[in-house]
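Open the complex in your viewer and keep the selection panel at hand. The stops below go from whole chain to single residue.

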Amino acid sequence: MAAFLAMGGYAVFVWPAYIISVLVLLAAIVVSLQGRARARRSVRRLEEDSGETGENQT
Amino acid sequence: MITFLANPKRFLDFSSAVAPWICGLAFLLLAAGFYWALFDTPPDYQQGESVKIMFVHVPAAYMGIMIYGLMAGASLVGLVFRHPLADVAAKSAAPLGAAFTALALLTGSLWGRPMWGTYWQWGDARLVSELILLFIYLGYIALWNAIDDPVRAAKAAAILSLVGAADVPVIHFSVDWWNTLHQPASIIRPGGPTIDKSFLWPLFTMMLGYTVLFVWLWLVRMQTEIFERRARSLMMARGA
């Protein structure tokens, strides 16, 4: 395990590369899903306000 | 297919049906790819364990360029055929392309330090043309945000993306045209890949995982853009 973590002496380069990659991918997922939820909510709210069902329009 | 999906309502129905499957596939591929890359690949005879960075660097760099191609292609379709979803597709792809390009630069820099002795080299054409790609993405996103009218914004952004497309062949061929730091192509080259099978298959798994993840997020962001446009038109109808 210690040998694996040491990455043959390249630990300080390999691990940051993997950590940054995973963090950026996760951030892209979270930001995209939150944005969609927010946009969906605002459409729903506006449709309710104007008394439309939202069934027939896009 | 393209005509069928031109209707935003049908696009929403279709994309909502397929998105969960694409999401599941992306997670499976990425889980397998990360496991394979980290635990089941040998050290390289020259690079030692630093070669592990390749499995997160190459897919990110490939995505940055592929997404640009998709974005420029969608922009062209939007300009020429006025396909209603083309502008939405181009706009939704840009932030993802920028994220992957930034990842390619960061992970490449972390590999360059031990292997080339430097995090960054202004004299290397591959590095600089990749940085320019990031700036083009950021400029494209800024342009969309700067113009209020979506029709005008789409047109201006599409033209920017087509002009910026000139950078893509420069990135690809930079390693041959200017033989500086970055080594020549070892995967997409005439005569097939030159890297060993024990690296090639986990690398392909990662590239496929990144691609499928992008497709999922692209659909999510296109849905978002359609909702935002719908909200905008409802707001304007109310204001009128």
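Start by colouring chain B by confidence. Its average pLDDT is 92, and 97% of the residues score at least 70. Keep in mind that this is a predicted model. For the complex, the predictor reports a pTM of 0.92 and an ipTM of 0.91. One caution for any stretch with a poor score: where pLDDT is low, the predicted coordinates should not be read in detail.

You will see seven helices and zero strands. Along the sequence the order is α-α-α-α-α-α-α. The C-alpha trace spans about 70 × 40 × 30 Å along its principal axes. Now turn to the contacts between residues at least 6 apart in sequence: 76% of them join residues at least 24 apart.

**Helix α4 of chain B**

Select residues 125-146 of chain B. This is helix α4, with 22 residues. From first C-alpha to last it reaches 31 Å, close to the 32 Å expected. Show side chains next. Which residues of α4(B) are buried? They are B:Ala125, B:Arg126, B:Leu127, B:Ser129, B:Glu130, B:Leu133, B:Ile136, B:Tyr137 and B:Tyr140.

Move to B:Arg82, in the loop between α2 and α3 of chain B. Check its backbone: phi is positive, about 55°, although the residue is not a glycine. Most residues other than glycine have a negative phi. B:Arg82 counts as exposed because it has 11 C-beta neighbours inside 10 Å.

**Chain A and the contact**

Bring up chain A. It has two helices and zero strands. Buried residues make up 21% of its 58 residues. Then display the contact between the chains, which takes 26 residues from chain A and 33 residues from chain B. On the side of chain A that touches chain B, 16 residues are nonpolar, seven polar and three charged.

**Last stop: A:Met7**

Zoom in on A:Met7, in the loop between α1 (2-6) and α2 (11-49) of chain A. Here too phi is positive, about 50°, and the residue is not a glycine. Is A:Met7 buried or exposed? A:Met7 is buried, because 20 other C-beta atoms lie within 10 Å.

Terms used: Residues are numbered from 1 along each chain as its sequence is written. Chains are lettered from A and ligands numbered from 1 in the order in which they are written. This is a predicted model: local features need pLDDT of at least 70, side-chain atom pairs count only at pLDDT 80 or more; totals for chains, interfaces and linings use all residues. Helices (H or I, at least four residues) and strands (E, at least two) are DSSP runs, numbered from the N terminus. The expected span of a helix is 1.5 Å times one less than its number of residues. A residue is buried if 20 or more other C-beta atoms lie within 10 Å of its own, exposed if 12 or fewer, and partly exposed in between; C-beta atoms are placed from the backbone. pLDDT is the predictor's confidence in each residue, from 0 to 100. Two residues are in contact if their C-beta atoms, placed from the backbone, lie within 7 Å. Ala, Val, Leu, Ile, Met, Phe, Trp, Tyr, Cys and Pro count as nonpolar, Asp, Glu, Lys and Arg as charged, and the others, Gly among them, as polar.
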